[in-house]
Amino acid sequence: MSTAKDLYSFDDLCKWSPSTSQLQPPARLSVFGDPVAHSRSPQMHNPALLDVGIDAQYVRLHIHPEELQPALQQLKEQNFIGTNLTIPHKAAAIEFMDDIDETARRIGAVNTVLVEDQKLIGFNSDGPGFSRAIREEFSVDLRDLRILIIGAGGGAGRAVAVQASMDHCERLVLANRTTQKAESLAAELAPFFKEDRIAGPMERLEAISMDEAALAAQMDNIDLIVNATSLGMKRSDPEVLSSHLIQPHQFIYDMVYSPSRTHLISQAENAGARAANGLSMLLHQGAISFEYWFNREAPLEAMRKGLKESFD
Ligand code: NAP
């Protein structure tokens with residue numbers, strides 16, 4: 001494999017053959033983002049492509065919001081297999097797809113594009129990746145869990161809330177700093193929660209604020225707590241949750257993966273609860289994107305090793 005540049009631009013994409021003629025294998029997969037330099041997707045996908053002998057490599061493309069539509073069109077011109085989309089393109093891309101799958105439609109965001117017969121097909125692997133990550137980390141399925149999502153009003157929180165609903169989880173509590181966003185998401189997801197599944201006084205679907213009293217009132221009826229806020233990446237961030245609220249029977253999934261041991265994970269472990277960071281979701285969403293592109297199982301261990309090495 002000849003080494004790709006760390007970052008390509010929209011201008012590079014428009015003249016892809018001359019820009020990348022020296023690359024072997026050819027660059028036919030990418031991630032679009034703004035910013036995108038931090039993306040670890042190349043370190044995860046290139047070992048996978050090599051492992052299964054696919055003659056393509058994966059690069060980062062810095063695409064500004066106003067370049068998104070023409071950049072997506074360029075994928076067809078330049079014989080791409082597909083692309084991933086990250087911030088800020090996931091929701092904006094929906095309207096530029098020729099077709100989208102049900103999960104992407106319900107989440108309202110596309111993170112994986114497949115180019116097929118000159119058409120752009122949009123998928124979302126974040127939600128399904130979360131589902132697989134929870135199974136891997138805690139040996140349990142979403143459908144058997146009472147789940148609290150803190151930060152349900154953001155893009156990632158919405159993806160996991162929709163997935164938990166589509167997987168028919170027992171109970172779902174949506175908490176968000178801006179409570180109104182959690183309320184409107186709950187209204188949208190209500191049709192998934194019509195059936196009575198658990199005995200007891202608690203509603204199967206609730207939207208709450210992020211204040212301590214509201215969170216405390218839920219804790220006896222929650223198995224899995226997900227941090228989907230952007231809190232936890234910086235030492236100076238406020239706590240997502242007070243330590244004394246965490247119960248030993250609970251699973252804590254922090255979608256943040258850098259640092260690997262977040263403050264929330266330390267709090268959970270100190271409380272005797274099981275905890276995991278968001279690296280497994282990153283891995284599984286990548287594996288599912290690979291499956292959409294190649295209609296075959298992803299070489300998960302090659303991807304896991306590449307991702308792990310990217311942090312060393
Ligand atoms: P986003 O759309 O910007 O949403 C941010 C969320 O955090 C919103 O719910 C926001 O609440 C909340 N928030 C921000 N600052 C807050 C504060 N000071 N106090 C309380 N809540 C606060 O971001 P996103 O794309 O959903 O990403 C959220 C996190 O998930 C990031 O850390 C991201 O790296 C991570 N993530 C991980 C994966 C993975 O594969 N592991 C995938 C995607 C995202 P308001 O609605 O009130 O603003």
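Predicted model: local features only at pLDDT ≥ 70, side-chain atom pairs only at ≥ 80, totals over all residues.
Residues are numbered from 1 along each chain as its sequence is written, and side-chain values use heavy atoms, with hydrogens and water left out.

Helices here are DSSP runs of H or I with at least four residues, and strands are runs of E with at least two, both numbered from the N terminus. Two packed helices are described by the angle between their axes and the distance between the axes. The axes are lines fitted to C-alpha atoms, for helices over the stretch in contact, and the angles run from 0 to 180 degrees between N-to-C directions.

Helix 11 spans residues 279-294 and helix 12 spans residues 300-310; their axes come within 10 Å and cross at roughly 135°. Helix 11 is therefore oblique to helix 12, since angles under 35 degrees count as roughly parallel, over 145 as roughly antiparallel, 65 to 115 as roughly perpendicular and the rest as oblique. On the helix 11 side, the contact (heavy atoms within 4.5 Å) involves Leu-279, Leu-282, Leu-283, His-284, Gly-286 and Ala-287. Their partners in helix 12 are Leu-300, Met-303, Arg-304 and Leu-307. By class, this contact has 7 nonpolar, 2 polar and 1 charged residues; Ala, Val, Leu, Ile, Met, Phe, Trp, Tyr, Cys and Pro count as nonpolar, Asp, Glu, Lys and Arg as charged, and the others, Gly among them, as polar.

Helix 12 also meets helix 3 (residues 41-52), with axes that come within 7 Å and cross at roughly 145°. Helix 3 passes helix 12 in a right-handed crossing. From helix 3, Gln-43, Met-44, His-45, Pro-47, Ala-48 and Asp-51 meet Ala-302, Met-303, Gly-306, Leu-307 and Ser-310 of helix 12. The residues of this contact divide into 6 nonpolar, 4 polar and 1 charged.

Helix 11 in turn packs with helix 6 (residues 126-138) at an angle of about 125°, the axes being 7 Å apart. That angle makes helix 6 oblique to helix 11, and the crossing is right-handed. Helix 6 contributes Asp-126, Pro-128, Gly-129, Phe-130, Arg-132, Ala-133, Glu-136 and Glu-137, and helix 11 contributes Ser-280, Met-281, His-284, Gln-285, Ile-288 and Glu-291. By class there are 5 nonpolar, 4 polar and 5 charged residues.

An oxygen atom of the ligand lies 3.4 Å from a polar backbone atom of Gly-151. The corresponding distance from a ligand oxygen is 3.3 Å for Gly-154 and 3.2 Å for Ser-230.

The backbone remains. Most residues other than glycine have a negative phi, and most peptide bonds are trans. A cis bond joins Gln-24 and Pro-25, with omega about 0°, and Pro-25 lies in the loop between helix 2 (16-20) and strand 2 (27-33). Asp-34 and Pro-35 are also joined by a cis peptide bond, with omega about 10°; Pro-35 lies in the loop between strand 2 and helix 3. Gln-118 has a positive phi near 60° in the loop between strand 6 (112-116) and strand 7 (119-123). His-168, not a glycine, has a positive phi of about 60° and sits in the loop between helix 7 (155-166) and strand 9 (171-176).

Methods:
Polar contact = N/O pair within 3.5 Å; in protein donor to acceptor, adjacent residues only side chain to side chain. Left-handed = near helix turned anticlockwise from the far one by under 90°.
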